[in-house]
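This briefing is meant for someone who is meeting the structure for the first time. Please keep the sequence and the 3D view at hand while reading, and look up each place as it comes.

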Amino acid sequence: MRVSSLMKRLGLKLSLNDPRWGKDNKPQANEGKKPGEGPPDMEQLWRDFNQKLNNLFGQKRPGNNNGDNNGGGDGGGNRPDMAGGVRATAGAIGAVVALIWLASGSFIVQEGQTGVVYTFGKVSHTTGSGFNWRWPYPFQSDETVKVSQMRMVEIGYRGNIKNKQTRESLMLTDDENIIDIQFAVQFKLKDPVAWLMNNRDEEDTVRQVAETSIREIVGKNKMDFVLYEGRDKVAFETQQLMQQILDRYASGVMISSVTLQAVQPPEQVQIAFDDAVKAGQDRERQKNEGQAYANDVIPKARGTASRLMQEAEGYRSMVVENATGNASRFKQVLVEYQKAPAVTRDRMYLDTMQQIFSSSSKVMVDAKSGSNLLYLPLDKLIAQAAAGDAQASAARIAAQNANTPAATTTLPSELMPSVEVNRTRDQRSRDASLRDRESR
């Protein structure tokens, strides 16, 4: 629509069958020709186009102000007009091209990015986020770099741990064992100019530095240390060594973290290694069980030994004190014996006989009367009496606990006369023996 309206303003027609195609309303030399007699005059079309451009930009044709071609001749009057139109057209086109060329130097930098501007291939300056402008090609060029983005490279695998890269993951430890390690490195850019200018292949540089660093760290440690307790230490030392190497290369990279994804022996010896690990675990378990048993037995043995020592010490003290007491008592008896020998002998005799009779069975025989043998088992009677007393006391305690009156327990009637007889005879024998001693 816009093109057709512009063509109408210029006075140009788009139909080739129109006899006045490309002409204005003025009479021309081709006006008398019939349609279809020949092609339109190209020179006349060019003159008409230049005339329309001059009218559009406010220029007038030199010569006749009426605008007709009479009296001036076609050749002399149209040549200056054609030259002026060409100059005007070239100027307009040049201005448009210059504007487009200058506009091509504008560029937009997003948030979190940095723009790097090159002047004839050399870095001239950097720009921040927003709208920026530089000199267009071939003077200057630009490139944007994401500086806030967290980047990551994978060593030993790609995308998934199962997709292993054995050429990168297999490493040799200090004890000459092979270990399989997959890990990831996260990093950011701290200098975009160094990142672009000092690295031929940026991510491959970081990957090679990471592989070199971890091989050095693993080569200084034992296999068990890397597999178990030293994983965090290996990752930390690898991160530090990587940062030192990248700073020495001026690569513009800041390492954020090194994460060990998988640390294991090679697949070819995985089963044998698992068996060895299980055997080691069984050994540790048995050691722990033995230590637990020792912790249980040793304190008990020490306590028993201490108790026996204390009992022996107590027995020794008892024997020493008894011997000391006996010696003291003997001295006291000696003093009393020296004062009254007869009384002391009788008393010692009675005490000795009391001790002897108290620990032996007693048989009472009346030898003077010559009657039948009378046997009185005094020890049994005394034991039965003690048992009866115990039963009676137990019954009283049970009655008190049950809030019932206690039942009185007595000795059997058949035993009571014999006990009385025994006591009477025993008293008489003692009196007789005392009289005999006194007479002596």
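**Backbone, surface and helix contacts**

E176 is exposed, with a relative accessible area of 66%. The model is a predicted one, and in it E176 sits in the loop between β9 (170-172) and β10 (178-189), where the residue has a positive phi of about 60° although it is not a glycine.

**Another positive phi**
- A250 also is not a glycine and has a positive phi, of about 55°, and it lies in the loop between α8 (231-249) and β11 (253-264).
- With a relative accessibility of 37%, A250 counts as partly exposed, because values between 20% and 50% fall in that class.

**The loop between β4 and β5**
- P138 belongs to the loop between β4 and β5, and the peptide bond that joins Y137 to P138 is cis, with omega about 15°.
- W135 is found in the loop between β4 and β5 (140-146), and this residue is partly exposed at a relative accessible area of 45%.

**A nonpolar surface patch**
- W135 is one of the residues of a nonpolar surface patch of about 900 Å², which is made together with W101, L102, I108, F120, F131, W133 and F139.

**Helices α9 and α10**
- The axes of α9 (residues 270-339) and α10 (residues 341-358) come within 6 Å and cross at roughly 130°, and the two helices are therefore oblique to each other.
- On the α9 side V333, E336, Y337, Q338 and K339 take part in the contact, and they meet P341, T344, R345 and M348 of α10.

Conventions: Residues numbered from 1 in each chain as written. Predicted model: local features only at pLDDT ≥ 70, side-chain atom pairs only at ≥ 80, totals over all residues. Heavy atoms only, no water. Patch = residues over 30% accessible without salt bridge, like charges linked within 9 Å, V, L, I, M, F, W, Y side chains within 5 Å. Areas by Shrake-Rupley, 256 points an atom, 1.4 Å probe, with all protein chains shown as cover. Salt bridge = Lys/Arg side-chain N within 4 Å of Asp/Glu carboxyl O. Helix = DSSP H or I, 4+ residues; strand = E, 2+ residues; numbered from the N terminus. Buried < 20%, exposed > 50% of the residue type's maximum accessible area, 1.4 Å probe, protein only. Axes fitted to C-alpha atoms, helices over the stretch in contact; angles between N-to-C directions. Parallel < 35°, antiparallel > 145°, perpendicular 65-115°, else oblique. Contact = heavy atoms within 4.5 Å.
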